[in-house]
Amino acid sequence: MKKKIFSMLLAVLLLSAAAAGCGSSDSGESAGTEGESKDTIVIGGTSISQVFYDAIKDKYEAMGYKTEFKSFDSNQVVLEACASDEVDIAIGQHKKFVQSFDDNNGADLDMVKPYGMYTGIGLYSEKYDSADEFPEGSQIAVMNDAMNEDIALRILEDEGLIKIADGVELATVADIVENPKNLEIIEMDQAQTVTSLEDMAGACVFFTHMSAAEKDPGSYIARDKVMINYPMGVIVREANLQADWAVDFAECFRDEEVQKEISDVYPGVFEFYTSDDQVEE
């Protein structure tokens with residue numbers, strides 16, 4: 001009798017252990033794992049960066065992936081969507097803009113290697129041919145996000161229009177210590193800078209926005225000296241940096257046909273990396 005009871009208890013214990021093991025496995029599968037394979041890769045971007053998606057889509061899907069593109073009004077909102085897992089990949093933002101977003105929002109986004117390309121920021125005017133011609137008290141537009149405002153102000157400083165206080169890492173209008181022409185520096189969303197050229201003496205504008213507005217990105221008075229170190233490519237959450245679906249999408253930016261398609265839409269806007277070593281990080 002005792003032997004029979006012992007056998008029954010042993011069977012119950014074994015069944016309980018097996019059930020616990022199955023329950024643990026099911027929980028892990030249903031919750032999902034960062035970096036695991038996905039049925040559909042959702043890519044987020046603006047109307048400008050949708051060009052990158054369109055150039056890559058066929059090549060990427062030929063690798064066996066399904067994709068969906070979600071369009072947003074600004075790069076800030078694209079990154080918010082990526083940070084909240086509304087999209088898997090964000091495209092159209094440069095790496096240092098993403099780092100600034102992380103710092104300000106407690107996010108964990110980063111750029112997948114290999115890096116894709118970089119663009120430029122130029123000082124443009126539809127009224128004057130050089131910075132020397134800007135009249136006293138002229139209005140100049142710059143981007144209002146920290147990273148890009150700094151680049152714009154450095155362009156103005158290189159042209160002798162302003163002087164920025166020594167030792168400032170990310171300059172803002174408040175860091176201008178000399179302004180001999182009493183220029184009025186107007187901060188605005190980067191997408192608005194190109195339209196401001198109609199009314200202002202000048203504006204610091206991304207090459208991408210100039211091209212999207214059907215203006216010549218090469219017509220700048222002066223341009224940045226640093227954007228080669230601001231790579232653009234594939235943005236994901238840090239846990240997904242090594243995921244096959246993320247790396248494969250990033251690799252597509254190195255494809256010559258993809259690069260040609262992007263350049264055909266945005267001539268003179270992007271330069272493509274041949275090696276990640278070109279970037280000073």
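Predicted model: local features only at pLDDT ≥ 70, side-chain atom pairs only at ≥ 80, totals over all residues.
A salt bridge is counted here when a side-chain nitrogen of Lys or Arg lies within 4 Å of a carboxyl oxygen of Asp or Glu.

Across the whole structure, the search finds 15 salt bridges. Another of them is formed by the side chains of R237 and D108, at 3.1 Å from N to O. Here too the pair links distant parts of the chain, with R237 in strand β13 (residues 232-237) and D108 in the loop between α4 (95-105) and β4 (109-111), 129 residues apart. R237 has 17% relative accessibility and so counts as buried, whereas D108, at 26%, counts as partly exposed. Both residues also belong, together with D85, to a network of salt bridges.

A further salt bridge connects R154 with D150, whose closest N and O atoms are 3.0 Å apart. Because these two residues are 4 residues apart in helix α5 (residues 146-158), about one helical turn separates them. R154 is partly exposed at 24% relative accessibility, while D150, at 8%, is buried.

Turning to the cysteines, the search of the whole structure finds 0 disulfides. C82 is buried at 1% relative accessibility, and C204 is likewise buried, with a relative accessible area of 0%.

Conventions. Residues numbered from 1 in each chain as written. Heavy atoms only, no water. Disulfide = S-S within 2.5 Å. Buried < 20%, exposed > 50% of the residue type's maximum accessible area, 1.4 Å probe, protein only.
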